[in-house]
Structures are given as structure tokens and as C-alpha cells.
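Morning, everyone. I have one structure to go through today, and I will take it region by region. Here it is on the screen.

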Amino acid sequence: MRNSSCRMRLRRILQDEFRMRPLRELEPRIRELVASLSGAVIASDGFDLVRDFTIPLPVTVIAELLDIERSRQDDFKHWSDCLIKLLNDREGPEWLRARAGVFDLIKYFGNVLDGRCHDLDGRRDILSVLLNAEAAERINRREIIAYSILLLTGGNETTTNLIGGMVLALLEHPEQLALLREEPARIPNAIEEGLRYCSPVQGVYRRAMHDVEVAGTTIPAGRDVVALLASANHDESKFAAPESFDVLRHTGGQAGFGMGIHHCLGAHLGRLEARVAFEWLVPQLPRFERAFDEVTWNDNWFVRGPETLPFRWRTA
């Protein structure tokens with residue numbers, strides 16, 4: 001149970017920062033970001049929704065929560081992609097380049113933390129909360145760097161892929177988009193269906209802490225397994241017609257953000273970002289005209305989302 005107790009110890013340090021109540025204070029800022037990004041999109045004849053909207057929105061939010069340089073947004077996305085590549089592959093030239101990128105990310109956070117640990121008075125950003133926890137001997141520096149990398153990566157990959165996947169689902173199911181246009185109050189439930197249907201995180205690695213039997217198969221202690229969240233989200237014994245996208249569906253039990261002690265710490269933040277994003281997107285989507293023939297999906301199994309989404313504005 002050592003890994004579970006360690007996980008809970010680390011979660012407790014930041015769980016108050018990610019509760020819904022303090023996150024509501026972020027909503028005006030998220031709305032500002034959506035207004036700024038959407039304004040640039042509207043002003044262009046053609047745009048890539050992934051590049052111009054779904055990536056910069058969550059990357060900017062998590063960068064501001066960590067109080068790190070927004071100007072390095074491209075680096076943050078690159079480093080996040082490197083980390084996902086390490087989880088996706090085990091060898092090869094691209095894996096080696098990704099490994100080097102992750103070492104650059106570790107060095108970056110090490111330098112940021114070294115510079116900040118002497119200036120914590122009055123600061124409430126997440127890195128400062130972690131550094132104060134270090135001073136109280138609740139966490140060590142190596143854990144802070146790992147935690148920071150997890151927050152930076154998880155804080156943008158899930159939301160980026162959720163928004164992109166849901167945009168495609170709504171465009172491919174115009175009757176569902178029409179429901180949301182008629183009743184925007186259903187957007188939060190549609191996001192839950194998006195988490196189920198699109199499953200931006202396809203699976204997660206786990207290690208059996210003791211012998212356990214699952215569906216007649218014994219998994220021995222110490223064995224690594226992959227829990228396929230996407231498969232669980234399309235389980236016909238749990239969800240009727242699971243391959244259908246239904247924004248009115250009761251989605252209780254969907255595993256898009258994990259479950260139990262592994263439930264995503266930033267789930268409330270991801271939902272908030274997606275809700276504000278779709279409050280702008282839903283009225284606009286009928287004006288989106290595809291500038292692509294086939295969807296290019298990101299090249300890994302761990303997270304799933306469109307690599308690019310080039311659109312034009314319909315003229316009529």
C-alpha cells in the first residue's frame with residue numbers, strides 16, 4: 001500500500017487548490033482567454049482550431065496557475081508531447097529525442113524552483129504551495145518536479161484532446177449540435193458524454209499491489225497492467241448503444257477522468273475550461289467548413305485527439 005499512501009500524501013497538498021469553489025474564481029480569466037483566442041480565430045479566413053484554440057487555452061491556464069512563463073507555450077506543448085511519447089514507445093530515434101525533451105523539462109522546472117524558493121512571501125501559485133510544503137517536509141524536491149511535470153502535461157493534454165474530439169463529434173452528429181444550440185444549459189452534460197465517447201485519455205498504467213483476480217484471470221502482485229479507460233467508456237453492459245454520441249445520455253460511471261484515488265486532480269478545471277470553450281463553440285460550429293478530407297489523429301495510444309483541425313468560415 002506504500003504507493004497508495006504516497007499518492008494520497010501528494011494529492012492532499014494540492015487538493016484544496018483544485019476544488020470547484022476556488023476554481024470558480026478562475027472563470028472570468030478563462031472567459032478572457034476564450035474571448036481573446038476566439039477573436040483571433042474569427043478575424044482569420046482560415047484557422048487550425050487545435051493550434052489556435054484547443055492547445056493555447058489549457059496551456060495558458062495551467063502556466064498561469066503555476067506562474068511560469070506563458071511566452072514558452074510552444075516549449076510546454078513540445079515537452080508534454082515528449083512525455084506522452086515516452087509513455088507510448090520504448091525505443092527508437094523519436095523515443096530518444098522525446099527522452100531528451102523530458103530532461104529539458106526537468107531542468108526547466110529545477111531552475112524555476114531554485115529561483116522561487118527564496119521568494120515565497122504572499123505567493124499563492126501552485127509551485128509556491130508545493131515549495132511551502134517542502135519547507136514543512138511534506139514533499140521533497142524530486143517529488144515537486146515530478147508533480148509539476150504531471151500538472152503541466154495533464155493540465156493541457158486532456159482538455160486539448162477533449163475539446164478537439166468533441167468538436168468532431170458534434171460536427172458529425174448535427175442533430176446533437178442542434179440540441180445544444182437550442183438548450184445551451186445542456187453543455188455540461190454534453191462534456192460528460194464527450195469524456196465518455198471521445199475518451200481523451202485512452203488508458204493508464206497500473207501495478208498490482210497484491211494478487212488479484214479480474215474476470216477469471218489472476219494478475220500476480222508486481223505485474224504491470226494497462227487499464228483501458230476508453231474500453232470501459234464503451235462497455236455495452238454499462239452504456240446503452242455506447243458507440244452513439246448522445247448529449248442527453250446519463251453518463252454516471254464514465255471513466256474519462258479515472259476513478260477512486262486515481263481520479264484526475266484537475267477534473268474540475270478541465271470541465272470548467274471545456275464548458276467555457278463550448279459556450280463559444282456551440283453557436284459557431286455551424287459556420288465551420290472543413291479544410292481537410294480526413295482527420296489526422298495524434299500518433300500515440302495513450303491519449304487520443306485530432307492533431308490538426310483546419311477550418312474555413314462558411315460564406316453563406
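This is a predicted model: local features need pLDDT of at least 70, side-chain atom pairs count only at pLDDT 80 or more; totals for chains, interfaces and linings use all residues.

Before the sheet, one definition: two strands count as paired if DSSP finds at least two bridges between them.

Strand β7 covers residues 310-313, and β6 pairs with β7 in the antiparallel sense over three bridges. On the residue level, Phe288 has Trp313, in β7, as its bridge partner.

Which order do the strands of this open sheet take? There are three strands, in the order β1-β7-β6, and the pairing is antiparallel. The edges are β1, residues 46-48, and β6, residues 288-290, each of which pairs on one side only. From one strand to the next, the twist averages 40°.

Staying with β6 and β7, the loop between these strands contains Asn298. Is Asn298 buried or exposed? Asn298 counts as buried, because its relative accessibility is 14% and the cut-off for buried is under 20%. As for what surrounds Asn298, leave aside the neighbours within four places in sequence; the contacts are then Asn161, Val303, Arg304, Gly305, Pro306 and Glu307.

Next, backbone angles. For Asp67, phi is near 60°. Asp67 sits in the loop that runs between α5, residues 56-66, and α6, residues 73-88. Its relative accessible area is 36%, so Asp67 is partly exposed.

For Ser199, phi is near 45°, again positive in a residue that is not glycine. Ser199 is in the loop between α11, residues 187-198, and β2, residues 204-207. Where Asp67 is partly exposed, Ser199 counts as buried, at 2% relative accessibility.

How many salt bridges does the structure hold? The number is 26. Side chains of opposite charge can pair when their charged atoms come close.

I will go through one group of these. Arg123 and Asp67 meet through their side chains in a salt bridge, at 2.4 Å from N to O. This pair links distant parts of the chain: Arg123 is in the loop between α7, residues 93-116, and α8, residues 126-135, while Asp67 is in the loop between α5 and α6, and the two are 56 residues apart. Arg123 has 22% relative accessibility and therefore counts as partly exposed.

Arg123 also forms a salt bridge with Asp125, with 3.1 Å between the closest N and O atoms. Asp125 has a relative accessible area of 10%, so Asp125 is buried. Asp125 in turn meets Arg116 in a salt bridge, at 2.8 Å from N to O. Both Asp125 and Arg116 are buried. Through shared partners, salt bridges join Asp67, Arg116, Asp119, Arg123 and Asp125 into one network.

Last, the surface. Which residues form a nonpolar patch there? They are Tyr205, Val226 and Leu228, and together these residues have about 250 Å² of accessible area. Leu228 is in the loop between β5, residues 224-227, and α12, residues 229-233.

That is the end of the tour.

Technical notes:
Residues are numbered from 1 along each chain as its sequence is written. Side-chain values use heavy atoms; hydrogens and water are left out. Patches are made of residues with over 30% relative accessible area and no salt bridge: like charges are joined within 9 Å, nonpolar side chains (Val, Leu, Ile, Met, Phe, Trp, Tyr) within 5 Å. Accessible areas come from the Shrake-Rupley method with a 1.4 Å probe; for residues, only the protein chains shown count as cover. A salt bridge is a side-chain nitrogen of Lys or Arg within 4 Å of a carboxyl oxygen of Asp or Glu. Helices (H or I, at least four residues) and strands (E, at least two) are DSSP runs, numbered from the N terminus. Axes are lines fitted to C-alpha atoms, for helices over the stretch in contact, and angles run from 0 to 180 degrees between N-to-C directions. Buried means under 20% relative accessible area, exposed over 50%, partly exposed in between (1.4 Å probe, protein chains only). Contact means heavy atoms within 4.5 Å.
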